[in-house]
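Here is a short tour for a first look. Keep the sequence and the 3D view side by side as you read.

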Amino acid sequence: MTEGKNVPNSSADVPFRSKELRKQSLIQHTGLVGVIDEGTKTIGFSIYTTPDFKEIAAHRVELGVISSQDGWYEQDPLEMMASINKCAEEAIKQLPELGFSSSDIITVGITNQRETTIVWDAVTGKPLYNAIVWKDIRTSSTVEQIVAKVQDPNYFKRRTGLPISTYFSALKIRWLKDNVPEVRQACREKRCKAGTVDSWIIWNLTNGALHITDVTNASRTLLMNLETQNWDPVLLKTFAIREEMLPSIHSCSEVFGKITSERSALRGITLSGILGNQQASLLGQMCVKPGQTKNTYRSGCFLLCNTGDKPVFSSHGLLTTVAYKLGPQAPTIYALEGSVSVAGHALSWLQQKVRLLPDSRDAEKYAEAVPTAGDVYFVPAFTGLYAPYWRQNARGIIIGLTQFTRKNHIVRAALESICFQTRDILECMHQECGYDINKLHADGKLTTNNLLMQLQADTAGLPLFRSQLMDSTAFGAAMCAAQAEGIGLCKFEPEKRYYENVHYDTFLPTTTEQEREERYGKWKRAVERSLGWVIKQKKTRTHTEENYRMLSSLPASIFLISTFAMLVHSLSATVKS
Ligand SMILES: Nc1ncnc2c1ncn2[C@@H]1O[C@H](COP(=O)(O)OP(=O)(O)O)[C@@H](O)[C@H]1O
Ligand SMILES: O=P(O)(O)OC[C@H](O)CO
């Protein structure tokens, strides 16, 4: 396990640095809003003023990843909670200097990495296994076999908006039930609870009083029916998951309850916002009108297009997902999403594994030192390819190497891979969302890289608007929580920007269409070559930790047999009805 370490705050330009500055402010503050932002790599707690939604304090730490074998990604749920508590404590410590105190925090919102799954014991409150992270591909062979058996390829999509994939939570829960004896035992004794990261955090912050999630997170489990926005009984049966294990599904913005954990510096404060992090950044970027599109560049890269109050179903590999529901009685707004599993992670790989970069923040400097990628293409399909390909058997390639290739070319090709993967998604979005996408809103840590932003505008042939608020994710969650409490002036109306601090940098395309198409054509050829590399998925046993070796094979086979039996049963029941 890697040790979590402090990372610098993004709030280098914190608006109120001292009491003095605060006094000079003409704004009558209506209270503070805190946001827990639990990302795959970074956990943070930020504090915003209202009604102007300025981030005045923040603390962030990195979360370790446990990778016991290729394609497995786990995180420690206890480390997660300790980091959240630490971040809240440290951010609150910054308040007195600014003329505020923790009692000024009226409410807290949560935004989180989606799909990542945790199971815990309802009696002890202890996790029963590590969190299985969204990009973990341990259930690949199961998915492949289900795909081969299921006659209707749109079976899951019609119900949930999602294809069957290792990405979503249902298979992870099922794997845990089948492979971890403690989980099986807890299930038998009806003390096993499961959920996405938001549910785990809330359970802990409320000492087990609340087991809830919101529609955005639930819509990523492969268990929620998109139409009813409830757990789908047929899918629960298909995956043999009991509903009592799962949280109740709520809107994203309502007063859920109070934080009661004695370990949290937030004790006594209400919780009133929950959103998956990509949906939160859609709101944070004020993409509230159908057709408005944002892309968030972090470890992965997630492009969402607001499609209004009707779900649009894709036949080109995009996901139909809930974008937000801003209150129990508010309409549900949907989005089409293209998910890219490896974006900034490719730079981390170049830094940590290949040691080709001293730091991922140096990528711009390295890539700028060469005028082009020298015809090198890098397809970072480390765990297969997500949208729009959904090919688990793809693996990463770097192609086009010559004796003149330098590391700078490879770094530049890594940046370009992020842009090409985004273009792959835009191509589908153009065809399917029914709106003319004529610009792209960008946010996320990687957007500090100016070269990446320019390459993206050039690759997509679209103007790109980079939010100067790098953290649209936390900002969206802050507004969502504030709205439930009726504080601030957040009406989510794009024309009325009640917050004065959001500005955009614009990057315009500088390439001709011919240049764009030529390079994009080559990218497609590179992608072709990455597909089908894994001929047969490795058995779970191959490099497993010793204690797992003994457990893996039998329950896995039971899972396959029982899952297929149930699938066939439920499919035939569906056909009959
Ligand atoms: N200044 C930067 N330039 C380029 N890449 C960066 C920069 N800062 C971070 N990254 C990349 O961003 C990713 C992490 O972003 P972060 O927001 O912490 O991720 P997550 O959403 O997974 O928690 C890493 O993969 C890292 O390589
Ligand atoms: O934490 P991020 O930014 O890598 O986001 C992860 C996504 O929510 C996974 O779907």
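## The shell around ligand 1

Helix α11, residues 344-352, gives the most to the shell around ligand 1, with 4 residues. The model is predicted. In total, 15 residues surround ligand 1. The closest are K41, T42, R298, S299 and K445. Sorted by class, the shell around ligand 1 holds 9 polar, 4 charged and 2 nonpolar residues.

## Polar contacts of ligand 1

Start with T42. One of its polar side-chain atoms lies 2.5 Å from an oxygen atom of ligand 1. K41 makes its contact through the backbone: an N or O atom there lies 2.8 Å from an oxygen atom of ligand 1. H345 also takes part, with a polar backbone atom 3.3 Å from an oxygen atom of ligand 1. How much of ligand 1 does the protein bury? Taken alone, ligand 1 exposes 580 Å², and the protein buries 91% of that.

## The shell around ligand 2

Now turn to ligand 2. Around ligand 2 sit G39, T40, Q113, R114, E115, W134, Y167, N277, Q278, R298, S299 and F302. By class, 6 of these shell residues are polar, 3 are charged and 3 are nonpolar.

## Polar contacts of ligand 2

The side chain of Y167 places a polar atom 2.7 Å from an oxygen atom of ligand 2. The side chain of N277 has an N or O atom 2.7 Å from an oxygen atom of ligand 2. T40 uses its backbone, where an N or O atom lies 2.8 Å from an oxygen atom of ligand 2. On its own, ligand 2 has 310 Å² of accessible area, and the protein covers 99% of it.

## An annotated span

An unreviewed UniProt entry annotates residues 299-484 as "domain: Carbohydrate kinase FGGY C-terminal". In the model, this span is 35% helix and 19% strand.

Helix α3 covers residues 140-149. Which residues of α3 are buried? They are S140, T142, V143 and I146.

Definitions and conventions: Residues numbered from 1 in each chain as written. Chains lettered and ligands numbered in written order. Predicted model: local features only at pLDDT ≥ 70, side-chain atom pairs only at ≥ 80, totals over all residues. Heavy atoms only, no water. Near = heavy atom within 4 Å. Polar contact = N/O pair within 3.5 Å; in protein donor to acceptor, adjacent residues only side chain to side chain. Areas by Shrake-Rupley, 256 points an atom, 1.4 Å probe, with all protein chains shown as cover. Helix = DSSP H or I, 4+ residues; strand = E, 2+ residues; numbered from the N terminus. Nonpolar A, V, L, I, M, F, W, Y, C, P; charged D, E, K, R; others polar. UniProt positions renumbered as here; feature names shortened; annotations may be inferred. Buried < 20%, exposed > 50% of the residue type's maximum accessible area, 1.4 Å probe, protein only.
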